[in-house]
Each structure stands twice: as C-alpha cells, then as structure tokens.
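Me: I am new to this structure. Please take one part and walk me through it closely.

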Amino acid sequence: MRGIDELTQVEDPAWPQVRETLDGSTVPVRVLPAAPDEGRRCVLQMQVTARSTLGALALHCGGLVLDDGWVRVFGGGSAAAGGLPSLGQVNRFPGSFDPAWHPSTGLVVGQDVLGGVFALNGHDPAGAGRPGAPGQMTYFAPDTLEWEAMDMGHSTWVRWLLSGRLETFYDGLRPPGWREESAALDLAQGLSMYPFPWTEEARENLAATSRRPVPMREILGVATDFAHQAGLADPGFLGDV
C-alpha cells in the first residue's frame with residue numbers, strides 16, 4: 001500500500017490536462033471548490049495517484065456540475081453549502097484508511113438528475129451482477145432500471161462527458177424545459193418524473209410527464225424498489241447521496 005505522499009507527489013500529474021479539457025469544453029460545466037483534506041483521504045483509500053483523472057478530481061476539485069446540473073461528477077467533495085459529497089462519502093469509505101476495504105460492487109463516480117448512476121467496475125463485475133470488464137465504466141439507466149456497459153475507463157468517460165455527446169446519450173429522456181428544471185435544483189436533489197421514466201407512458205410522451213424536485217436518495221430508492229417489483233436484477237449499491 002502506498003502512502004499519501006507517494007500518491008500525490010508525482011511527475012506528470014493529470015490535473016493540468018483535465019483543467020485544459022474543462023476550459024475547452026463546449027458543455028456548460030461548473031468546477032466546485034475542493035476540500036483538500038477530504039480529497040487526500042479519498043485518494044489514499046482508493047490508492048490512485050495524481051497521474052489519474054480520478055485522483056486529480058479528488059485532489060483538485062469538489063466535483064463537476066455539467067449541463068446546468070443534469071450530470072454531477074464526484075470528486076473530493078465541496079465544503080461549500082449546497083455542494084456535492086465526496087467520492088468517499090458517496091461510496092461509504094471507512095473513516096480512516098483501511099487497506100482491506102474496497103467497494104463491494106464498484107465505485108460510484110457520478111449521477112444524473114433522473115437517478116442514472118455512473119460507476120466504475122471493481123475486480124469482479126460479473127460477481128457483482130454488473131456488465132463490462134473490470135475497471136470499466138457502467139451506467140444504471142433510469143429508463144430500463146438495468147446496468148449498461150460503457151466500454152470506457154474513467155479518464156475517457158470524463159472526456160466523453162465534456163465532448164458534447166450527452167445530447168445524444170440522453171435522447172428521449174430530456175423533456176422540454178429540462179435545462180431550466182435541472183438548473184433550479186439543489187445538488188442533493190433530482191427530478192422525480194411521473195409517469196416514471198421506465199414506463200411506456202413516459203417513453204411515448206415525455207413532454208406530458210410531470211416533474212418535481214425531490215431528494216436524490218428518494219429517486220434512487222424508488223428505482224431500486226421498482227426493479228425488485230419487476231423481477232429485474234437487484235441494482236445493488238447506487239451511492240450514498
């Protein structure tokens with residue numbers, strides 16, 4: 001196990017390149033202020049270095065808010081009121097470094113306002129009921145209540161988010177006025193849609209759905225309950241938000 005200095009004091013850290021990508025993106029993105037102590041705690045428990053995008057986000061920002069809040073990417077947590085929880089808080093890291101601890105199903109690294117969850121596969125995705133290869137991104141889709149393989153690693157995923165492809169990715173899930181509704185949310189909230197996004201009624205007429213802000217925890221809980229009722233695979237851990 002590597003100590004915090006070995007993880008953070010590296011040649012060629014990733015943050016300058018990440019910052020350049022953020023500044024050059026056409027996607028609206030807000031970089032939340034960092035909480036340095038919490039970021040270092042996250043890096044130590046994850047055992048990732050500052051050369052990685054995952055480590056850079058944990059150390060240098062409190063998280064990213066993209067497309068006026070539609071997508072949230074977790075980093076080192078923002079100490080400011082109304083910020084995002086850290087990777088450690090979302091994934092329930094132990095309070096102090098534990099070399100024996102690791103996420104049982106995968107590392108939750110982002111979410112969207114409808115309850116979609118982005119997670120990084122652990123060493124045994126199949127055993128955790130997740131598609132894709134170890135170390136690859138997966139997405140819990142709010143319109144199917146199932147995990148989908150994304151066939152990319154975390155660094156590529158962050159670049160993909162900033163590339164302008166979210167419009168295509170969310171085709172059929174963004175109702176008219178989505179940007180204004182998303183921007184009005186607190187970062188602990190999501191949009192509760194009714195009929196639910198996984199129903200035929202929502203797919204046929206998304207504009208006719210009603211939407212209201214509710215705690216993200218509630219949206220994830222409802223999705224999990226309906227997945228169980230429908231006889232789908234248990235989504236498992238979706239993050240502590």
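Reply: Phe-169 is partly exposed, with a relative accessible area of 27%. Buried means under 20%, exposed means over 50%, and partly exposed lies in between (1.4 Å probe, protein chains only). This is a predicted model: local features need pLDDT of at least 70, and side-chain atom pairs count only at pLDDT 80 or more, while totals for chains, interfaces and linings use all residues. Residues are numbered from 1 along each chain as its sequence is written, and side-chain values use heavy atoms, with hydrogens and water left out.

Now the ring partner. Phe-169 pairs with Tyr-139. The ring centres are 5.0 Å apart and the planes stand at 65°, so this pair is edge-to-face. Rings of Phe, Tyr and Trp (its six-membered ring) pair if their centres lie within 6.5 Å; planes under 30 degrees apart are stacked, over 60 edge-to-face, and the rest tilted. Tyr-139 is buried, with a relative accessible area of 3%.

Where do the two residues sit? Tyr-139 lies in strand S6 (residues 137-141). Phe-169 lies in helix H7 (residues 166-169). The pair therefore ties together parts that are 30 residues apart in sequence. Helices (H or I, at least four residues) and strands (E, at least two) are DSSP runs, numbered from the N terminus.

Next, the wider setting. Ring pairs link Tyr-139 and Phe-169 into a cluster with Trp-70, Phe-118, Trp-157, Trp-160, Tyr-170 and Trp-178. The whole structure has 14 aromatic pairs.

Charges also meet rings. The charged end of Arg-174 sits over the ring of Trp-70, a cluster member. The distance to that ring's centre is 4.9 Å. Arg-130 has its charged end over the ring of Trp-147, 3.8 Å from the centre. A charge sits over a ring if NZ of Lys or CZ of Arg is within 6 Å of the ring centre and within 35 degrees of the ring normal.

Phe-118, another cluster member, falls in strand S5 (residues 117-121). Five bridges join S5 to S4, and the two run antiparallel. Strands pair if DSSP finds at least two bridges between them. Gly-106 stands opposite Asn-121 in S5. Seven of the seven residues of S4 (residues 106-112) are buried, so S4 is largely enclosed by the rest of the structure.
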